[in-house]
Amino acid sequence: MSEPLISRSCDLRRLWTEGYDIAIDGAWLLVRQVPYVDRQRSVQCGTLALKLSLQQTPAGEATTKPADHTAYFDGTEPCDAQGRALTEIINSSDAKETIDGRSFRYRFSHKPLENGSKRLYIDYFEQVSTYAEILADQARAVSAAASAFPAVRQPPVESDYPFHYSDTASVRAGISDINRRVSGQVVGIIGLGGTGSYILDMVAKTHVRELHLWDRDAFEQHTAFRAPGAASADELEQLPTKCEYYQAIYSKMRTGVIAHPHHMEADHFGELDGLDFAFVAVDRGPSRGKIVPALLERDIPFIDVGMGMAAEERGLTGQARVTLVTHETREFALAEIPTDDADADADDVYGDNVQIAEMNALNAVLAVIKWKKHMGVYADVVQEWDSAYMIASNAIVNTGAAS
(Lines give C-alpha, C1' and ligand atoms only; values in the text may rest on other atoms or scores of the structure.)
Protein backbone atom coordinates (compact mmCIF):
# COMPACT_ATOMS: atom_id res chain seq x y z
CA MET A 1 0.00 0.00 0.00
CA SER A 2 2.70 2.51 0.93
CA GLU A 3 4.79 2.39 -2.25
CA PRO A 4 1.84 3.24 -4.57
CA LEU A 5 0.80 6.05 -2.21
CA ILE A 6 4.32 7.50 -2.39
CA SER A 7 4.47 7.11 -6.16
CA ARG A 8 1.14 8.94 -6.60
CA SER A 9 2.00 11.77 -4.16
CA CYS A 10 4.51 14.34 -5.45
CA ASP A 11 5.42 15.56 -1.96
CA LEU A 12 6.04 12.06 -0.55
CA ARG A 13 7.96 11.04 -3.66
CA ARG A 14 10.15 14.15 -3.32
CA LEU A 15 10.87 13.35 0.34
CA TRP A 16 12.07 9.87 -0.61
CA THR A 17 14.02 11.06 -3.66
CA GLU A 18 15.86 13.76 -1.71
CA GLY A 19 16.97 11.27 0.92
CA TYR A 20 14.58 11.28 3.90
CA ASP A 21 13.96 7.88 5.50
CA ILE A 22 10.15 7.82 5.28
CA ALA A 23 7.56 5.13 5.84
CA ILE A 24 3.77 4.95 5.75
CA ASP A 25 1.96 3.42 8.73
CA GLY A 26 -1.75 3.43 7.96
CA ALA A 27 -2.52 7.13 7.65
CA TRP A 28 0.66 8.24 9.42
CA LEU A 29 3.78 9.50 7.68
CA LEU A 30 6.90 8.48 9.62
CA VAL A 31 10.25 10.20 9.08
CA ARG A 32 12.97 8.08 10.65
CA GLN A 33 16.60 8.81 11.60
CA VAL A 34 16.12 12.56 12.12
CA PRO A 35 19.14 13.95 14.02
CA TYR A 36 18.61 16.10 17.10
CA VAL A 37 20.47 17.24 20.23
CA ASP A 38 19.64 15.91 23.70
CA ARG A 39 20.15 17.60 27.10
CA GLN A 40 23.72 16.25 27.29
CA ARG A 41 24.49 18.00 23.99
CA SER A 42 24.86 14.66 22.25
CA VAL A 43 23.50 14.01 18.76
CA GLN A 44 20.74 11.37 18.72
CA CYS A 45 18.24 10.19 16.10
CA GLY A 46 14.45 10.28 16.50
CA THR A 47 11.32 9.79 14.43
CA LEU A 48 8.78 12.35 13.30
CA ALA A 49 5.15 11.33 12.75
CA LEU A 50 2.58 13.38 10.82
CA LYS A 51 -1.10 12.72 10.22
CA LEU A 52 -1.76 12.32 6.50
CA SER A 53 -4.64 14.03 4.70
CA LEU A 54 -5.60 11.80 1.78
CA GLN A 55 -7.92 11.91 -1.20
CA GLN A 56 -8.99 9.51 -3.90
CA THR A 57 -7.81 10.37 -7.42
CA PRO A 58 -8.47 8.59 -10.74
CA ALA A 59 -5.11 6.87 -10.27
CA GLY A 60 -5.78 5.92 -6.63
CA GLU A 61 -5.12 7.33 -3.18
CA ALA A 62 -2.78 10.34 -2.88
CA THR A 63 -1.94 13.06 -0.39
CA THR A 64 -3.71 16.40 -0.32
CA LYS A 65 -2.76 19.65 1.46
CA PRO A 66 -1.98 18.95 5.16
CA ALA A 67 -4.91 19.75 7.43
CA ASP A 68 -2.78 19.56 10.59
CA HIS A 69 0.36 21.67 10.99
CA THR A 70 1.63 19.73 14.02
CA ALA A 71 3.96 16.73 14.23
CA TYR A 72 4.78 14.10 16.86
CA PHE A 73 8.27 13.07 17.89
CA ASP A 74 9.67 9.81 19.29
CA GLY A 75 12.88 10.48 21.18
CA THR A 76 14.19 12.20 24.29
CA GLU A 77 13.64 15.91 24.78
CA PRO A 78 14.98 17.75 21.70
CA CYS A 79 17.28 20.66 22.56
CA ASP A 80 19.34 23.37 20.93
CA ALA A 81 23.12 23.12 20.58
CA GLN A 82 23.55 24.35 24.18
CA GLY A 83 21.31 21.61 25.61
CA ARG A 84 18.29 23.84 26.24
CA ALA A 85 14.78 22.56 25.43
CA LEU A 86 13.79 23.48 21.87
CA THR A 87 10.76 25.53 22.88
CA GLU A 88 10.58 26.98 19.37
CA ILE A 89 8.68 23.88 18.29
CA ILE A 90 7.79 21.84 21.44
CA ASN A 91 4.08 22.27 22.12
CA SER A 92 3.64 19.36 24.55
CA SER A 93 5.97 16.93 26.29
CA ASP A 94 3.17 14.55 27.34
CA ALA A 95 1.37 13.85 24.06
CA LYS A 96 1.40 10.02 24.45
CA GLU A 97 0.36 9.34 20.84
CA THR A 98 1.02 5.65 20.13
CA ILE A 99 2.09 4.88 16.57
CA ASP A 100 3.69 1.74 15.20
CA GLY A 101 3.95 0.34 18.73
CA ARG A 102 5.89 3.33 20.04
CA SER A 103 4.82 6.17 22.29
CA PHE A 104 5.42 9.57 20.70
CA ARG A 105 5.76 11.76 23.77
CA TYR A 106 6.49 15.13 22.15
CA ARG A 107 4.10 17.18 20.04
CA PHE A 108 5.54 19.91 17.85
CA SER A 109 3.72 23.01 16.65
CA HIS A 110 5.29 25.42 14.15
CA LYS A 111 3.83 27.31 11.19
CA PRO A 112 5.82 28.97 8.41
CA LEU A 113 5.72 32.75 8.06
CA GLU A 114 4.63 34.48 4.86
CA ASN A 115 4.44 38.28 4.60
CA GLY A 116 4.54 38.47 8.37
CA SER A 117 1.64 36.06 8.90
CA LYS A 118 1.59 32.39 9.81
CA ARG A 119 0.10 29.96 7.30
CA LEU A 120 -0.47 26.24 6.85
CA TYR A 121 2.03 24.06 5.03
CA ILE A 122 1.49 23.72 1.30
CA ASP A 123 2.43 20.02 1.26
CA TYR A 124 4.15 17.30 3.26
CA PHE A 125 7.56 18.04 1.78
CA GLU A 126 7.47 21.54 3.23
CA GLN A 127 6.13 20.32 6.58
CA VAL A 128 8.66 17.49 7.00
CA SER A 129 11.65 19.49 5.78
CA THR A 130 10.77 22.40 8.11
CA TYR A 131 10.61 20.26 11.27
CA ALA A 132 13.55 18.04 10.24
CA GLU A 133 15.79 21.02 9.48
CA ILE A 134 14.97 22.80 12.74
CA LEU A 135 16.18 19.68 14.57
CA ALA A 136 19.08 18.95 12.22
CA ASP A 137 20.41 22.54 12.32
CA GLN A 138 21.05 22.19 16.05
CA ALA A 139 22.60 18.75 15.55
CA ARG A 140 24.99 20.10 12.87
CA ALA A 141 26.13 22.80 15.29
CA VAL A 142 27.34 19.98 17.56
CA SER A 143 28.54 17.58 14.85
CA ALA A 144 29.07 18.65 11.23
CA ALA A 145 28.36 15.07 10.11
CA ALA A 146 24.74 15.16 11.35
CA SER A 147 22.27 14.81 8.47
CA ALA A 148 18.55 14.26 8.01
CA PHE A 149 19.47 12.16 4.95
CA PRO A 150 20.82 8.86 6.37
CA ALA A 151 23.18 6.72 4.33
CA VAL A 152 21.09 3.58 4.92
CA ARG A 153 17.28 3.60 4.67
CA GLN A 154 14.64 0.91 5.09
CA PRO A 155 12.09 0.39 2.30
CA PRO A 156 8.80 2.22 3.08
CA VAL A 157 6.74 -0.96 2.68
CA GLU A 158 3.96 -2.44 4.86
CA SER A 159 3.62 -6.04 3.72
CA ASP A 160 0.85 -6.94 6.17
CA TYR A 161 -1.42 -3.91 5.65
CA PRO A 162 -4.84 -5.36 4.67
CA PHE A 163 -6.58 -2.35 3.12
CA HIS A 164 -6.49 -0.92 -0.39
CA TYR A 165 -6.54 2.58 1.10
CA SER A 166 -5.50 4.10 4.41
CA ASP A 167 -7.39 3.67 7.67
CA THR A 168 -7.77 7.39 8.34
CA ALA A 169 -10.62 6.73 10.81
CA SER A 170 -8.27 5.16 13.37
CA VAL A 171 -5.80 8.01 12.98
CA ARG A 172 -8.48 10.68 13.42
CA ALA A 173 -9.69 8.92 16.58
CA GLY A 174 -6.16 8.42 17.91
CA ILE A 175 -6.60 4.65 18.36
CA SER A 176 -4.40 3.25 15.58
CA ASP A 177 -2.26 1.06 17.82
CA ILE A 178 -5.23 -0.23 19.83
CA ASN A 179 -7.00 -1.26 16.63
CA ARG A 180 -3.81 -3.01 15.48
CA ARG A 181 -4.22 -5.54 18.28
CA VAL A 182 -6.11 -7.76 15.83
CA SER A 183 -3.42 -7.44 13.13
CA GLY A 184 -2.31 -10.73 11.64
CA GLN A 185 -5.38 -12.60 12.84
CA VAL A 186 -7.07 -15.17 10.58
CA VAL A 187 -10.80 -15.07 11.34
CA GLY A 188 -13.60 -17.32 10.09
CA ILE A 189 -17.32 -16.55 9.84
CA ILE A 190 -19.45 -19.66 9.58
CA GLY A 191 -22.87 -18.68 8.26
CA LEU A 192 -23.64 -15.47 6.39
CA GLY A 193 -27.30 -14.98 7.21
CA GLY A 194 -28.51 -11.77 8.80
CA THR A 195 -26.24 -11.85 11.85
CA GLY A 196 -23.22 -13.35 10.09
CA SER A 197 -23.31 -10.76 7.33
CA TYR A 198 -23.29 -7.89 9.83
CA ILE A 199 -20.41 -9.53 11.69
CA LEU A 200 -18.55 -9.60 8.37
CA ASP A 201 -19.30 -5.94 7.72
CA MET A 202 -17.63 -4.92 10.99
CA VAL A 203 -14.73 -7.39 11.09
CA ALA A 204 -13.82 -6.58 7.47
CA LYS A 205 -13.04 -3.03 8.63
CA THR A 206 -10.47 -4.21 11.16
CA HIS A 207 -6.81 -5.07 10.57
CA VAL A 208 -7.25 -8.86 10.53
CA ARG A 209 -5.07 -10.52 7.90
CA GLU A 210 -7.63 -12.94 6.45
CA LEU A 211 -11.39 -13.42 6.60
CA HIS A 212 -12.72 -16.86 5.66
CA LEU A 213 -16.43 -17.12 4.82
CA TRP A 214 -18.55 -20.26 4.79
CA ASP A 215 -22.11 -20.48 3.41
CA ARG A 216 -23.64 -22.49 0.57
CA ASP A 217 -26.94 -20.61 0.32
CA ALA A 218 -27.79 -18.22 -2.48
CA PHE A 219 -28.13 -14.48 -1.92
CA GLU A 220 -31.86 -14.24 -2.64
CA GLN A 221 -34.39 -11.43 -2.61
CA HIS A 222 -35.44 -11.96 1.00
CA THR A 223 -31.75 -12.02 2.00
CA ALA A 224 -31.31 -8.45 0.80
CA PHE A 225 -33.73 -7.18 3.44
CA ARG A 226 -31.57 -8.37 6.34
CA ALA A 227 -28.14 -7.66 4.85
CA PRO A 228 -25.87 -4.66 5.23
CA GLY A 229 -25.84 -2.31 2.28
CA ALA A 230 -28.21 -2.51 -0.68
CA ALA A 231 -28.19 -5.12 -3.44
CA SER A 232 -29.39 -4.17 -6.90
CA ALA A 233 -32.07 -6.07 -8.80
CA ASP A 234 -29.43 -7.06 -11.37
CA GLU A 235 -27.28 -8.58 -8.65
CA LEU A 236 -30.22 -10.57 -7.30
CA GLU A 237 -31.01 -11.93 -10.77
CA GLN A 238 -27.52 -13.42 -10.97
CA LEU A 239 -28.29 -15.45 -7.82
CA PRO A 240 -24.73 -15.60 -6.42
CA THR A 241 -23.94 -17.53 -3.29
CA LYS A 242 -23.76 -15.38 -0.18
CA CYS A 243 -20.03 -16.11 0.02
CA GLU A 244 -19.36 -14.91 -3.50
CA TYR A 245 -21.63 -11.86 -3.14
CA TYR A 246 -19.93 -10.66 0.05
CA GLN A 247 -16.44 -11.53 -1.15
CA ALA A 248 -16.95 -9.28 -4.17
CA ILE A 249 -18.17 -6.40 -1.98
CA TYR A 250 -15.54 -6.47 0.75
CA SER A 251 -12.64 -7.21 -1.60
CA LYS A 252 -13.19 -3.69 -2.91
CA MET A 253 -11.94 -2.42 0.45
CA ARG A 254 -9.40 -4.98 1.59
CA THR A 255 -7.34 -8.07 0.84
CA GLY A 256 -7.69 -11.53 2.35
CA VAL A 257 -11.46 -12.14 1.93
CA ILE A 258 -11.67 -15.85 1.09
CA ALA A 259 -14.95 -17.49 0.08
CA HIS A 260 -15.85 -21.13 0.80
CA PRO A 261 -19.25 -21.47 -0.92
CA HIS A 262 -20.39 -24.53 1.00
CA HIS A 263 -21.69 -25.29 4.46
CA MET A 264 -19.24 -26.23 7.19
CA GLU A 265 -19.65 -29.99 7.35
CA ALA A 266 -17.36 -32.90 8.16
CA ASP A 267 -15.80 -33.00 4.69
CA HIS A 268 -14.63 -29.41 5.16
CA PHE A 269 -13.50 -29.35 8.79
CA GLY A 270 -9.87 -29.28 7.62
CA GLU A 271 -10.49 -25.76 6.33
CA LEU A 272 -10.70 -24.61 9.95
CA ASP A 273 -7.00 -25.33 10.44
CA GLY A 274 -5.07 -22.11 10.79
CA LEU A 275 -7.93 -20.00 12.14
CA ASP A 276 -7.14 -17.79 15.12
CA PHE A 277 -10.81 -17.11 15.87
CA ALA A 278 -14.24 -18.03 14.52
CA PHE A 279 -17.78 -16.69 14.61
CA VAL A 280 -20.51 -19.33 14.43
CA ALA A 281 -23.66 -17.75 13.03
CA VAL A 282 -25.83 -20.70 12.01
CA ASP A 283 -29.53 -20.95 12.80
CA ARG A 284 -29.86 -24.71 13.40
CA GLY A 285 -28.81 -26.57 16.53
CA PRO A 286 -27.69 -29.77 14.76
CA SER A 287 -25.31 -27.71 12.59
CA ARG A 288 -23.79 -26.22 15.72
CA GLY A 289 -23.57 -29.71 17.17
CA LYS A 290 -21.15 -30.66 14.38
CA ILE A 291 -19.20 -27.40 14.09
CA VAL A 292 -18.55 -26.79 17.79
CA PRO A 293 -16.66 -30.08 18.40
CA ALA A 294 -14.51 -29.41 15.32
CA LEU A 295 -13.52 -26.02 16.72
CA LEU A 296 -12.90 -27.44 20.20
CA GLU A 297 -10.71 -30.20 18.78
CA ARG A 298 -8.49 -27.53 17.19
CA ASP A 299 -8.61 -25.32 20.31
CA ILE A 300 -9.91 -22.41 18.23
CA PRO A 301 -11.68 -19.78 20.36
CA PHE A 302 -15.05 -18.79 18.94
CA ILE A 303 -18.23 -16.84 19.50
CA ASP A 304 -21.61 -18.45 18.90
CA VAL A 305 -24.59 -16.17 18.27
CA GLY A 306 -28.30 -16.87 18.37
CA MET A 307 -31.69 -15.19 18.44
CA GLY A 308 -35.14 -16.15 19.60
CA MET A 309 -38.22 -14.11 18.65
CA ALA A 310 -41.92 -14.42 19.42
CA ALA A 311 -45.00 -12.46 18.36
CA GLU A 312 -47.24 -11.18 21.14
CA GLU A 313 -50.17 -8.77 21.15
CA ARG A 314 -47.88 -6.02 22.45
CA GLY A 315 -45.39 -6.66 19.61
CA LEU A 316 -42.33 -8.74 18.89
CA THR A 317 -40.26 -9.86 21.83
CA GLY A 318 -37.29 -12.13 22.38
CA GLN A 319 -33.56 -12.02 22.88
CA ALA A 320 -30.17 -11.98 21.15
CA ARG A 321 -27.43 -14.18 22.64
CA VAL A 322 -23.62 -14.04 22.40
CA THR A 323 -21.47 -16.85 23.85
CA LEU A 324 -17.66 -16.77 23.93
CA VAL A 325 -15.92 -20.13 24.09
CA THR A 326 -12.20 -20.24 24.85
CA HIS A 327 -9.92 -22.88 26.32
CA GLU A 328 -10.57 -21.32 29.72
CA THR A 329 -14.37 -20.86 29.45
CA ARG A 330 -15.40 -23.96 27.52
CA GLU A 331 -16.44 -25.92 30.62
CA PHE A 332 -19.12 -23.32 31.43
CA ALA A 333 -19.91 -21.62 28.13
CA LEU A 334 -20.82 -24.74 26.15
CA ALA A 335 -23.90 -25.19 28.31
CA GLU A 336 -25.34 -21.98 26.81
CA ILE A 337 -25.11 -23.16 23.19
CA PRO A 338 -28.12 -25.08 21.79
CA THR A 339 -27.01 -28.01 19.65
CA ASP A 340 -30.36 -29.54 18.74
CA ASP A 341 -33.84 -28.40 17.64
CA ALA A 342 -35.73 -30.18 20.40
CA ASP A 343 -36.68 -26.89 22.05
CA ALA A 344 -37.63 -25.08 18.85
CA ASP A 345 -40.70 -22.90 19.40
CA ALA A 346 -43.40 -23.14 16.75
CA ASP A 347 -44.18 -19.47 17.37
CA ASP A 348 -40.60 -18.35 16.80
CA VAL A 349 -41.09 -15.53 14.30
CA TYR A 350 -37.38 -15.52 13.42
CA GLY A 351 -37.77 -18.97 11.96
CA ASP A 352 -40.56 -17.83 9.63
CA ASN A 353 -39.76 -14.18 8.97
CA VAL A 354 -36.04 -13.56 8.90
CA GLN A 355 -36.33 -9.91 7.85
CA ILE A 356 -35.48 -8.49 11.28
CA ALA A 357 -32.37 -6.58 10.27
CA GLU A 358 -32.03 -4.47 13.41
CA MET A 359 -31.94 -7.53 15.66
CA ASN A 360 -29.45 -9.25 13.36
CA ALA A 361 -27.29 -6.14 13.43
CA LEU A 362 -27.54 -5.84 17.22
CA ASN A 363 -26.63 -9.49 17.69
CA ALA A 364 -23.61 -8.93 15.44
CA VAL A 365 -22.56 -5.75 17.26
CA LEU A 366 -22.62 -7.55 20.62
CA ALA A 367 -20.57 -10.39 19.13
CA VAL A 368 -17.94 -8.12 17.58
CA ILE A 369 -17.62 -6.06 20.78
CA LYS A 370 -17.09 -9.28 22.75
CA TRP A 371 -14.44 -10.44 20.25
CA LYS A 372 -12.67 -7.08 20.53
CA LYS A 373 -12.75 -7.38 24.32
CA HIS A 374 -11.19 -10.83 23.98
CA MET A 375 -8.48 -9.25 21.80
CA GLY A 376 -7.85 -6.35 24.18
CA VAL A 377 -9.29 -3.62 21.97
CA TYR A 378 -12.03 -2.85 24.50
CA ALA A 379 -11.64 -2.96 28.27
CA ASP A 380 -13.44 -5.91 29.88
CA VAL A 381 -14.26 -5.67 33.59
CA VAL A 382 -17.04 -8.28 33.76
CA GLN A 383 -15.36 -10.91 31.54
CA GLU A 384 -18.66 -12.68 30.97
CA TRP A 385 -18.71 -15.67 28.63
CA ASP A 386 -22.40 -15.38 27.80
CA SER A 387 -24.72 -12.40 27.45
CA ALA A 388 -28.30 -12.00 26.27
CA TYR A 389 -30.09 -8.83 25.26
CA MET A 390 -33.81 -8.86 26.17
CA ILE A 391 -35.97 -6.79 23.83
CA ALA A 392 -38.96 -6.03 26.05
CA SER A 393 -36.96 -4.99 29.12
CA ASN A 394 -34.03 -3.49 27.19
CA ALA A 395 -31.71 -5.37 29.53
CA ILE A 396 -28.52 -7.34 29.05
CA VAL A 397 -28.12 -10.41 31.25
CA ASN A 398 -24.51 -11.57 31.71
CA THR A 399 -23.20 -14.94 32.81
CA GLY A 400 -19.51 -14.98 33.54
CA ALA A 401 -16.54 -14.50 35.80
CA ALA A 402 -17.66 -11.31 37.55
CA SER A 403 -21.42 -11.35 36.88
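1. Where is the place of N360? N360 sits in helix 13. Helices here are DSSP runs of H or I with at least four residues, strands are E runs of at least two, and both are numbered from the N terminus.

2. This is a predicted model: local features need pLDDT of at least 70, side-chain atom pairs count only at pLDDT 80 or more, and totals for chains, interfaces and linings use all residues. Residues are numbered from 1 along each chain as its sequence is written, and side-chain values use heavy atoms, with hydrogens and water left out.

3. N360 has 0% relative accessibility, so N360 counts as buried. Buried means under 20% relative accessible area, exposed over 50%, and partly exposed in between (1.4 Å probe, protein chains only). The N360 side chain makes a polar contact with the side chain of T195, at 3.0 Å. A polar contact is a pair of N or O atoms within 3.5 Å; within protein, one must be able to donate a hydrogen and the other to accept it, and residues adjacent in sequence count only if both atoms are side-chain atoms.

4. Helix 6 (residues 194–203) packs with helix 13 (residues 357–374) at about 50°, their axes 8 Å apart. Contributors to the contact (heavy atoms within 4.5 Å) include T195 and Y198 of helix 6 and N360 and W371 of helix 13.

5. T329 lies in the loop between strand 18 (315–325) and helix 11 (330–333). T329 is buried because its relative accessibility is 15%. A polar atom of its side chain lies 3.1 Å from the backbone oxygen of L324. Leaving aside neighbours within four places in sequence, T329 contacts L324 and W385.

Definitions and conventions:
Axes are lines fitted to C-alpha atoms, for helices over the stretch in contact, and angles run from 0 to 180 degrees between N-to-C directions.
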